Number of protein chains: 2
Amino acid sequence: MLEQTRIVLVNTTHPGNIGAVARAMKNMGLSDLCLVAPKLFPHPDAFARSSGAADLLESARVVETLDQALADCHLVVGTSARGRHIPWPLLNPRQMAAVATTLQPQSRLAVVFGREDRGLTNEELQLCHHHVHIPTNEAFSSLNVAAAVQVIAYELRMAVLDQDKAEAPQWGVSWDIDLAENRELELLFDHLEQTLVDIDFLDPDNPRQLMNRLRRMILRAVPDKVEVNVLRGILTKVERLAASRKPGGDDV
Amino acid sequence: MLEQTRIVLVNTTHPGNIGAVARAMKNMGLSDLCLVAPKLFPHPDAFARSSGAADLLESARVVETLDQALADCHLVVGTSARGRHIPWPLLNPRQMAAVATTLQPQSRLAVVFGREDRGLTNEELQLCHHHVHIPTNEAFSSLNVAAAVQVIAYELRMAVLDQDKAEAPQWGVSWDIDLAENRELELLFDHLEQTLVDIDFLDPDNPRQLMNRLRRMILRAVPDKVEVNVLRGILTKVERLAASRKPGGDDV
């Protein structure tokens, strides 16, 4: 799907922005860039800001009209501020990406971005199947065009990655060590409790919520086997220390 | 939640990027910007690229160390490329935003972004509870720092707008006690390290990964203030025990 997505920039004024768009696209795995009547292109500022995505600038197609840019596309989405005169099917970027994933594999999606200062005209927006609006602070709503491309491309990439995700664990399918089994954790808690009694921190006749608090905290971390071993190593050391003190009985 | 989120930029080289970050933040409704030892700031390029978000640049705090930037924060997330030496709880931006929505309203979230050319150091990443990775094209993975801030801020904003659909909270929407501040956690780690040296469990001349492992585990749990106090109470008890043994020197 990412290979089948075209980013279309209409009448971009600053070539630096075109370079930043190319970088954002390549970061997210997009490569099809089409420029409709850019003010200055090619331009050194575009290459400077592309920061290694010069290949996208070199393969970018420059056309005279938006119609030309969209001719071979199957779904066209225009970026829009809120409150346009004519209501249009309005998606947020995540909804747009969800729609994009339902396209047939050979279908081509175009996302169209307007001028830095005033976006797309109503005529241009009416060439689009859907509109997409990035939810912004209403008091400061004008996104840089490369920032807008970054968000859209990110959502498309997330949608592609989500399609084949099994519910992701919180930290790492590739955690380096096996997680501790529950029985190992229970042995750890027994060991911890005994040690706390040995050092007179826990009064077995009045335990209050101490073990519950420690348990809750350690369980929240979902420890791995090495971490459990390290903790038990510390407890063993502390127990020996307590035992070595016992004959003297000099509790400080 | 957006008001309680701090964006921390470490050693930023180009002031233009700081301006672009301010713009992205304000577009998404964030306002707390903290700069750790920026190369050039204030600078006209920052104001030029901020494009109307000069208020964020004017209120930005400049500090010397990352510790200072994080001292009053409760959850710290560092942006990271994949493949670090020590695995750490790794979230994608959407998962990170889902976790952020489960914080108590008064809790402060910090998201830390590294240098343009090489990101955060391992030491800096180990100051973080979680890491967040923006899923990029592996062949071209280095995002512009303002683009990265844009994605993170967008996900936080989407999560706020979309609270109903956020994933199940990680541990209770109504945690009963305030989370520990970062400075309290750092004092805990200092205390823990000293205690482990005192009981001869940690060799200061050959520390290996011991403190990193313990740190990673405890940070994963995102402890509250009472939990930190309980742990420090245990450490104090153990230290006294170690001190009471010292004269005899009878290490068992």
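Start with helix α9 of chain A, residues 210-221, in what is a predicted model. This helix has twelve residues, and at 1.5 Å a residue they should span 16 Å. Just after α9(A) comes V222(A), which takes a positive phi of about 45 degrees.

Now chain A as a whole. There are ten helices and seven strands in chain A. Chain A has 252 residues, of which 39% count as buried. Take the contacts in chain A between residues at least 6 apart in sequence: 85% of them join residues at least 24 apart.

Next, a helix pair within chain A. How do α1(A) and α7(A) run relative to each other? Helix α1 of chain A covers residues 15-27 and helix α7 of chain A covers residues 145-163; their axes come within 8 Å and cross at roughly 15 degrees. Angles under 35 degrees count as roughly parallel, and α1(A) and α7(A) are therefore roughly parallel to each other. The crossing of α1(A) past α7(A) is right-handed. On the α1(A) side, the contact is made by N17(A), A20(A), V21(A), A24(A) and M25(A). On the α7(A) side, V145(A), A146(A), V149(A), Q150(A) and A153(A) make the contact. An α-helix has 3.6 residues a turn, so residues three or four places apart point the same way. By class, the contact of α1(A) with α7(A) has eight nonpolar residues, two polar and no charged.

One residue elsewhere in chain A. L187(A) lies in helix α8 of chain A, residues 182-198. Is L187(A) buried or partly exposed? L187(A) has 14 C-beta neighbours inside 10 Å and therefore counts as partly exposed; 20 or more would be needed for buried. Along the chain, L187(A) and R157(A) are 30 residues apart, and their C-alpha atoms are separated by 44 Å.

On to the two chains together. In this interface, 53 residues of chain B are in contact with 56 residues of chain A. Four helices of chain B each supply at least two residues of the side that touches chain A: α1 (15-27), α7 (145-161), α9 (210-220) and α10 (225-245). Which helix gives the largest share of that side? The answer is α10(B), with 13 residues. By class, the side of chain B that touches chain A has 32 nonpolar, ten polar and eleven charged residues.

The axes of helix α10 of chain A, residues 225-245, and α9(B) come within 10 Å and cross at roughly 110 degrees. That makes α10(A) roughly perpendicular to α9(B). V226(A), E227(A) and V230(A) of α10(A) meet L210(B), R213(B), L214(B) and M217(B) of α9(B) in this contact. The residues of the contact of α10(A) with α9(B) divide into five nonpolar, no polar and two charged.

Last, α10(B) itself. At 1.5 Å a residue, its 21 residues should span 30 Å, and the end C-alpha atoms are 31 Å apart, which agrees. The buried residues of α10(B) are E227(B), V228(B), I234(B), K237(B), V238(B), L241(B), A242(B) and R245(B). What covers these buried residues includes α8, α9 and α10 of chain A, together with α8 (182-198) of chain B.

Notes
Residues numbered from 1 in each chain as written. Chains lettered and ligands numbered in written order. Predicted model: local features only at pLDDT ≥ 70, side-chain atom pairs only at ≥ 80, totals over all residues. Expected span 1.5 Å × (residues − 1). Buried ≥ 20, exposed ≤ 12 C-beta atoms within 10 Å, placed from the backbone. Contact = placed C-beta atoms within 7 Å. Nonpolar A, V, L, I, M, F, W, Y, C, P; charged D, E, K, R; others polar. Axes fitted to C-alpha atoms, helices over the stretch in contact; angles between N-to-C directions. Parallel < 35°, antiparallel > 145°, perpendicular 65-115°, else oblique. Left-handed = near helix turned anticlockwise from the far one by under 90°.
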